[in-house]
Amino acid sequence: FWTVHNRIDHQTANGDSNNRNNPIIYVPEGNANDGSSIAKHITRSVTLENDAIGLKVILAANRPSVSNFELYYKALAEDKLFTDNPWIEIEPLTNLPTDENPAVYRDYEYLIGGDDGLAEPFNKFQLKIVMKSSNNAYVPQFKDLRVIALSV
């Protein structure tokens, strides 16, 4: 007999009646060193050989209707520290439908820096995926993470 319990929540700063919870101490995920959501994945820092001005991120995910996820990034020049800079949330290029079938994965695409790129070139970056769900039996799942550095 196997049992599984996913450690996931759906936090808000002020709480509401939509199956979300208030942590005792709420810390937004944009905070440089913390964030109070339980389920998250932070990638290792990636150092690029050449400077870039943007990133194209493609994330294959299965997202049940009671769940969601957010993507955050840090893109820095080599003389700056990750711990000193906040996480920046990025929205997907298109809003994709949810899937109750756990075998269906859709490609969520993000363009960090937009069409014109970031104002300051960078040579290292890090990504954070924050997973949320109001039902721990139905959680977002991921298959592939692809990142393409964009230069001038």
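Which residue in β5 is the bridge partner of L71? Keep that question open while you set up the view.

**Before you start**

The model is predicted: local features need pLDDT of at least 70, side-chain atom pairs count only at pLDDT 80 or more, and totals for chains, interfaces and linings use all residues. Residues are numbered from 1 along each chain as its sequence is written, and side-chain values use heavy atoms, with hydrogens and water left out.

**Stop 1: strand β4**

Select residues 67-76, strand β4. Strands here are DSSP runs (E, at least two residues), numbered from the N terminus. Two strands pair if DSSP finds at least two bridges between them. Now show strand β5, residues 88-90. β4 and β5 pair in the antiparallel sense over 3 bridges. The bridge partner of L71 in β5 is I90.

Colour β4 by accessibility: 8 of its 10 residues are buried. Buried means under 20% relative accessible area, exposed over 50%, and partly exposed in between (1.4 Å probe, protein chains only).

**Stop 2: the ring cluster**

Show the side chains of F69, Y108 and F142, which ring pairs link into a cluster. The structure holds 2 aromatic pairs. Rings of Phe, Tyr and Trp (its six-membered ring) pair if their centres lie within 6.5 Å; planes under 30 degrees apart count as stacked, over 60 as edge-to-face, and the rest as tilted.

Start with F69 and Y108. Their ring centres are 5.0 Å apart and their planes stand at 75°, so this pair is edge-to-face. F69 sits in β4 and Y108 in strand β6 (residues 106-112), 39 residues apart. Both F69 and Y108 are buried.

Turn to F142. F69 and F142 are also edge-to-face, at 5.1 Å centre to centre with 80° between the planes. F142 belongs to strand β8 (residues 141-150) and F69 to β4, so the pair ties together parts 73 residues apart in sequence. Buried or partly exposed: which is F142? F142 has 28% relative accessibility, so it counts as partly exposed. F69, at 6%, counts as buried.

**Stop 3**

Zoom in on strand β3, residues 54-62. 7 bridges join β3 to β6. L59 stands opposite Y108 in β6.

**Stop 4: charges over rings**

A charge sits over a ring if NZ of Lys or CZ of Arg is within 6 Å of the ring centre and within 35 degrees of the ring normal. Select K128 and Y72. K128 lies over the face of Y72, 5.3 Å from the ring centre. K128 is also the bridge partner of Y72 in β7. Next, select K124 and F82. The charged end of K124 sits over the F82 ring, 5.4 Å from its centre.

**Stop 5: E29**

Finish at E29, in the segment before β1 (40-42). E29 is buried, with a relative accessible area of 5%. Its side chain reaches the backbone nitrogen of S37 at 2.9 Å. Leaving out residues up to four places away in sequence, E29 touches (heavy atoms within 4.5 Å) several residues, including Y72, W87, K128 and V130.

How values were computed
Helices (H or I, at least four residues) and strands (E, at least two) are DSSP runs, numbered from the N terminus. A polar contact is a pair of N or O atoms within 3.5 Å; within protein, one must be able to donate a hydrogen and the other to accept it, and residues adjacent in sequence count only if both atoms are side-chain atoms.
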